[in-house]
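User: I'm new to this one. Could you walk me through it, one question at a time?

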Amino acid sequence: MGQGRRMKKQGPPPPLDESLVTRKRKDAPAAVVEERGKKRRREVKAAKKVPAVQAGNIPAVNPRSKPKAKPAKKFVPPPESDLEISSDEEIESVDGVTGLDALGTDSEDEDDLIEGDEFAESGSDVVDSDTEPRKAGMWSDDEDSDMEEVTAANMEGLSRKLDMQRAIEEAEAQAEMEEAAMQTNIAGDKPKVLEEDEDGRPISNLQPQDLQLLRTRLSDTLRVLDDFKNLAEEGRSRSEYLAQMRKDIVAYYGYSDFLAEKLMNLFPPREAFSFFEANETPRPVVIRTNTLRTHRRELANSLINRGVQLEPIGKWSKVGLQIFESQVPLGATPEYLAGHYILQAASSFLPVMSLAPQENERVLDMAAAPGGKTTHLAALMKNTGCIFASDANKARTKGLIGNIHRLGVKNTVVCNYNALEFPKVMGGFDRVLLDAPCSGTGVIAKDASVKTNKTEADFMKLPHLQKQLILAAIDSVNHASKTGGYIVYSTCSVTVEENEQVVQYALNKRPNVRLVETGLTFGKEGFTSIMGKIFHPSLKLTRRYYPHTYNVDGFFVAKFKKIGPTPPNAVGANGAAHSNGTSSDRQAQEEYVDKTPITEDEEDSDFGGFDEEEDQKYMERAERAQLRRKGKNPKALLGKAKNGQNGNVVEKEKVNGSGDGGSRPSKADRNAQSAKLNGASGQAGGAEPKPKKKTGGRKSKE
Ligand SMILES: C[S@@+](CC[C@H](N)C(=O)[O-])C[C@H]1O[C@@H](n2cnc3c(N)ncnc32)[C@H](O)[C@@H]1O
């Protein structure tokens, strides 16, 4: 059997062939691989002869790829701030065969950031994806001997070797089975996959426990769908086979019927199968070098010295390293603690690379926590200019602040706004990143609960929120920016509702934006038509990423250029003027903001959070300065306000603590502004109006 996807090098899409997918559902029988039985068998035999060095990596790095293989203890989860990295942010993988390198060169400015990063050409232990894969193994060939004495030092290695041997035996047995199956399914045979009830209608009487049979039938159904004319039973329609396939997907992989159908509709049947299969495999572990602190080559050398086996993820990124094996917990190395890297899914690099922020720009990251992308933005900007990194979930901003500190980011202001409040609270940005909250259908390998917990309502409410957010993102950009005027919208979902439909909505509602090239050198084109829906032809400029094609998390990236101001009468998603947090906005928002309560510990954390009292001082100082600039006497005016003579606002704040609708800034306004005063260099203002005072939007409830 081949390597698990997690072990495979990142590469361009392999042919969409079931045989390329090696991971099986736990307890499931191994893949039925038609037309490849013999070849595979040969490979398996060859693999058996291969020194443990090569094959031995499999169970350790991709424990799920072999049933019963012992879990890879090596990858101790990093601190929450990193691992939490949202749906999209985690650990990713790579697809074998060839490198993404083949797909083109990096479009980022990261070359500049890492001058002299000759990592790939260095002849160091770390090999570029173009070059021969690392042969250095974890065990010597001697260890292959059954006679080896077990010691504390080699126990783990030997145990892994045993796992590997067992996996090989299983693979061999499977190959035998496949071959036998093939002999009964020789070309020309019409597989009987559609069972019938008394009325002659197809039924699916296989139970999830009949995994072996389910898989075989899935395989047969696919064969029929591939060659319907020759292999379909007489009188049967294609849709009957598709219905059978869906039922078997539901039973075999454990999806809700609703989601299985939605996902199946995205692909031709065989590709859909590859997608479902890939969702059973974890993506590879990837780290992003923090170029604010180090160079990739230096980092790689340090980690290699600690027993980490790694490799650049491909020429498309100058900062990514794929980890194959580690002797140390990656979330607790001195390099990690010193902020030399962050654990980040490869696909999470893409929206940031597409946004391509420039030095000295003013950038907004609208849904930023826990900050994988914010810190990447900061690195690309070389800590210049100013990033406003906001997240509606206050608890999650702790992780964001933690990452910002650890990675040495100095140009970022953390805010806690509902993104729907932009651009009222701040606007005129050179670039905006909207890495939107989404259903996570691209990261099912990481969160299998998505298979069953997403309902039809979710795929209405989420896009509704996403549509409002995208309008807010567009309206927050300065179309007259000399260097920018760009918006990137991304999700870690693959559904059309959350991607193309949201982008199309933005194009409809904001004629002042155009889709432009993402600048990404790989990725499938976005849909311009699917399931009877037609989108603007420019939708093909958007990019889709799938686990089965690039071995990265499922992802979507769209890049807009704003070419004119948003008309003053432009309406938001719900029909209200602009997106300023109306009650229906808030309703949608409330559905999806993580309401995890903040514990006292977190509130008191020294390493993040907001100091209300201190912020208040800065706010008041700013307010005084502002009044002075207007030629007003702050003492007189603020004194009055304090005495309750300046309207209801102060009173109102006292009562409900929110200041909603009042003339004084909200807590979040104050936080942002005080942070700004506290050292961030962003200048306010831009081409779009930027009201200073409170909006009606809500912050997340904690
Ligand atoms: C996909 S995650 C962002 C991941 C982040 N960009 C990163 O790379 O680390 C989506 C984030 O959106 C936040 N969110 C949800 N609704 C929001 C809203 N209305 N305004 C701002 N943030 C929101 C969630 O709290 C979550 O942190």
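**Rings, a helix and a sheet**

User: Are phenylalanine 522 and tyrosine 545 buried or exposed?
Analyst: This is a predicted model, where local features need pLDDT of at least 70, side-chain atom pairs count only at pLDDT 80 or more, and totals for chains, interfaces and linings use all residues. Residues are numbered from 1 along each chain as its sequence is written, and side-chain values use heavy atoms, with hydrogens and water left out. Buried means under 20% relative accessible area, exposed over 50%, and partly exposed in between (1.4 Å probe, protein chains only). Phenylalanine 522 and tyrosine 545 are both buried.

User: What is the angle between the planes of phenylalanine 522 and tyrosine 545?
Analyst: The whole structure holds 18 aromatic pairs, meaning Phe, Tyr or Trp rings (for Trp, its six-membered ring) with centres within 6.5 Å; planes under 30 degrees apart are stacked, over 60 edge-to-face, the rest tilted. Phenylalanine 522 and tyrosine 545 make one that is edge-to-face, 5.4 Å centre to centre, and the angle between the planes is 80°.

User: And how many residues apart are phenylalanine 522 and tyrosine 545?
Analyst: Phenylalanine 522 is in the loop between β12 (513-516) and β13 (524-525), while tyrosine 545 belongs to strand β16 (residues 543-545). Strands here are DSSP runs (E, at least two residues), helices likewise (H or I, at least four), numbered from the N terminus. The pair links distant parts of the chain, and the separation is 23 residues.

User: Within what arc do the buried residues of α12 fall?
Analyst: Helix α12 (residues 296-305) buries Arg296, Leu299, Ala300, Leu303 and Ile304. They line one face of the helix, because seen down its axis their directions, taken from the axis to the C-beta atoms, fall within an arc of 130°.

User: Which strands stand at the edges of the open sheet?
Analyst: Its 4 strands run in the order β4-β5-β3-β6, with antiparallel pairing; two strands pair if DSSP finds at least two bridges between them. Each edge strand has a single partner, so one side of it is left without a neighbour in the sheet, and these strands are β4 and β6.

User: Which residue in β6 stands opposite threonine 289?
Analyst: β3 and β6 pair in the antiparallel sense over 3 bridges. Opposite threonine 289 stands β6's tyrosine 341.

User: How far is the charged end of arginine 406 from the centre of the ring of tyrosine 336?
Analyst: A charge sits over a ring if NZ of Lys or CZ of Arg is within 6 Å of the ring centre and within 35 degrees of the ring normal. Lysine 561 sits like this over tyrosine 486, at 5.0 Å. For arginine 406 over tyrosine 336, the distance is 3.8 Å.
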